Amino acid sequence: MKLLKKLLKIVLALIGVLIIAILVIIGVDSQRTKYLNIDHVENGNVNTYLITHVNVIPMTQDTVLNNKTVYIKNGSIETIADNIDIDGVEVIDAKNKYLMPGLIDMHVHVWDRYELGLYLSNGVTAVRNVWGMPMHLRIKEDVNKDEIISPLFFTSGPKLTGPEFIGDDNLNLTTPEEARDKVISYKERGYDFVKTYYGLTPELFDAVLEQAKISDVEIVAHPSQKVPYSNHFNPQVKSIEHTEEFIQQPLNYILDTVKLKEVIDLYAGTKYSAHCPTLIVYNNIYQMLIDDNILESESAQYMSPLIKKVDSKAQFDRWHNTKLEDPSVTERIKRQHDFHLYIIKKLHEANVRIICGTDAGIGITTPGFSIHKELEFYKEAGLSNYEVLKTATVNAAKTHSIMNNMGTIETGKVANLILTDNNPLSDLSAIKYPSTVFVKGRKLDRKTLNSFEEKAKNRKNLFASGIRYAENLIIEK
């Protein structure tokens, strides 16, 4: 009995030490991201400004409103006019720079708060996180309470899949009743959307659709190979993800332009489902195949240490080994990427609403920076600069009702804005390093944005990220 008590004390002591270590690791990491706290950012509590001598790109049409004054009041766009005189409001002389809505990335995977600063630095003022965990609900709460400087933050719940697609990143559903319960639960917990995923059976998928309609929850759909692609066109499904998925199921891995037209017609025949391409992710496979040192590149230094160590390395090894066995894979991947561009061209010609998403945060797709390459691909596919910018502004904002208050520069919209030296309607690269970013009316200058990048570069939070990921496995999904 004495030995048992002694062993129990040792076990309890070890558990206590482990808990203390976890709290210390999380606490240190939280301290390191305090630079995003409202009171740590210069003028972080100020969200009322007059911007004068500014060329406005409203994104309501392909035009520039020259030499305007924009009045931002309490984080919203109050007035746009030739001249506005208001006492007691700080005036920002834009000196003929260009003001447009902030960018929206509609498909991201956020791993820590450092990444929030990376998005802002690249002009991304709203994100849709589509792999929800408890930590994302905490981020969302802090953003909504105006406690941290961050893009507006929207998140789905965990990824819903079927019983066979096993993985600690998925919620494996087994019955329609369980599927309905999860939809109800995710809404109650505060997740904004439901994400359906690879592996869902038709019965499970239908149960999610039915309950989503009853619960008034919108769906982000990663197509399931077990469900006909056409079944994803449902009023509850607001966007269908990944152009590469065209190849896998509806085209049966054949770059078939005739069969493609049938899929394009499905999109063209609906007004409620947008398409989110994430072209950069598949192109990054090609980049891994042609660059053996890509994991040591400058951009890789901004990836989460946990993802870089686990996911990035695994993806690189997979494709490197594939290339050793089959050297022709490089050209095949390139051909499929080019076909993705053709798909975007055809979707655009059919007036399908395309929304910009990058899948940033996994593989080697860096948060924030990747959106510029994604937008360049749309340009390469044949969209004009205005049409490209629509995918990351007005088109994205139309996807969900809770995002309708952004995406254009109009009275009453949230003052999520970027100020650029040159006109992005004529030079798309002008948005890469905005001189100023406004998020909910709060002004972030280039010096502050650069500091966000420096804080996130080569960050040392591997264990903290691992603990937060483990939390998702311990807490019931």
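Predicted model: local features only at pLDDT ≥ 70, side-chain atom pairs only at ≥ 80, totals over all residues.
A residue counts as buried under 20% relative accessible area, as exposed over 50%, and as partly exposed in between. E298 has 44% relative accessibility, so E298 is partly exposed.

The side chain of E298 meets that of K457, with N and O 2.9 Å apart. E298 lies in the loop between α8 and α9, and K457 lies in the loop between α14 and α15. The pair therefore ties together parts that are 159 residues apart in sequence. K457 has 24% relative accessibility, so K457 also counts as partly exposed.

This bridge is one of 27 in the structure. Side chains of opposite charge can pair when their charged atoms come close. Take R459 next. R459 forms a salt bridge with D112, and the closest N and O atoms are 2.8 Å apart. R459 sits in the loop between α14 and α15, while D112 sits in the loop between β6 and α2, so the bridge joins parts 347 residues apart in sequence. Are these two partners buried or exposed? R459 is buried, at 5% relative accessible area. D112 is buried as well, at 3%. The pair belongs to a network of salt bridges that links D112, E115 and R459.

An aromatic pair also involves the loop between β6 and α2. The whole structure has 14 aromatic pairs. In one of them, the ring centres of W111 and Y469 are 6.1 Å apart and the planes meet at 50°, so the pair is tilted. W111 is in the loop between β6 (103–108) and α2 (114–121), and Y469 is in helix α15, so this contact ties together parts 358 residues apart in sequence. W111 is buried, at 5% relative accessible area. Y469 is buried at 15%. Elsewhere, ring pairs link Y229, F233, F246 and Y267 into a cluster.

Rings also meet a charge. K159 lies over the face of W131, at 3.9 Å from the ring centre. The charged end of K159 sits over the ring of Y197 too, 4.4 Å from its centre.

Now turn to D146. Its side chain forms a salt bridge with K440, at 2.6 Å from N to O. D146 is in the loop between α3 and β8, K440 is in the loop between β15 (436–439) and β16 (442–445), and the two are 294 residues apart. D146 is partly exposed at 32%, and K440 is partly exposed at 21%. The backbone of D146 stands out as well. Most residues other than glycine have a negative phi. D146 has a positive phi of about 60°. H53, in strand β1 (residues 49–56), has a positive phi of about 50°. H53 is partly exposed, at 40% relative accessible area.

T125, in strand β7 (residues 124–129), is buried at 1%. Its contacts include L103, L120, P151, N416 and F438.

Finish with helix α9, residues 305–325. Its 21 residues reach 29 Å from first C-alpha to last, close to the 30 Å expected. The helix has a kink of about 30° centred on S312. S312 is among its buried residues, as are F316, W319 and K323. An α-helix has 3.6 residues a turn, so residues three or four places apart point the same way. The buried residues of α9 pack against α8 (279–290), α10 (329–349) and α15 (462–474).

Definitions and conventions
Residues numbered from 1 in each chain as written. Heavy atoms only, no water. Helix = DSSP H or I, 4+ residues; strand = E, 2+ residues; numbered from the N terminus. Expected span 1.5 Å × (residues − 1). Bend = angle between axes of the 7 residues up to and from the residue. Buried < 20%, exposed > 50% of the residue type's maximum accessible area, 1.4 Å probe, protein only. Contact = heavy atoms within 4.5 Å. Phe/Tyr/Trp six-rings, centres within 6.5 Å; stacked < 30°, edge-to-face > 60°. Lys NZ or Arg CZ within 6 Å of the ring centre and 35° of its normal. Salt bridge = Lys/Arg side-chain N within 4 Å of Asp/Glu carboxyl O.
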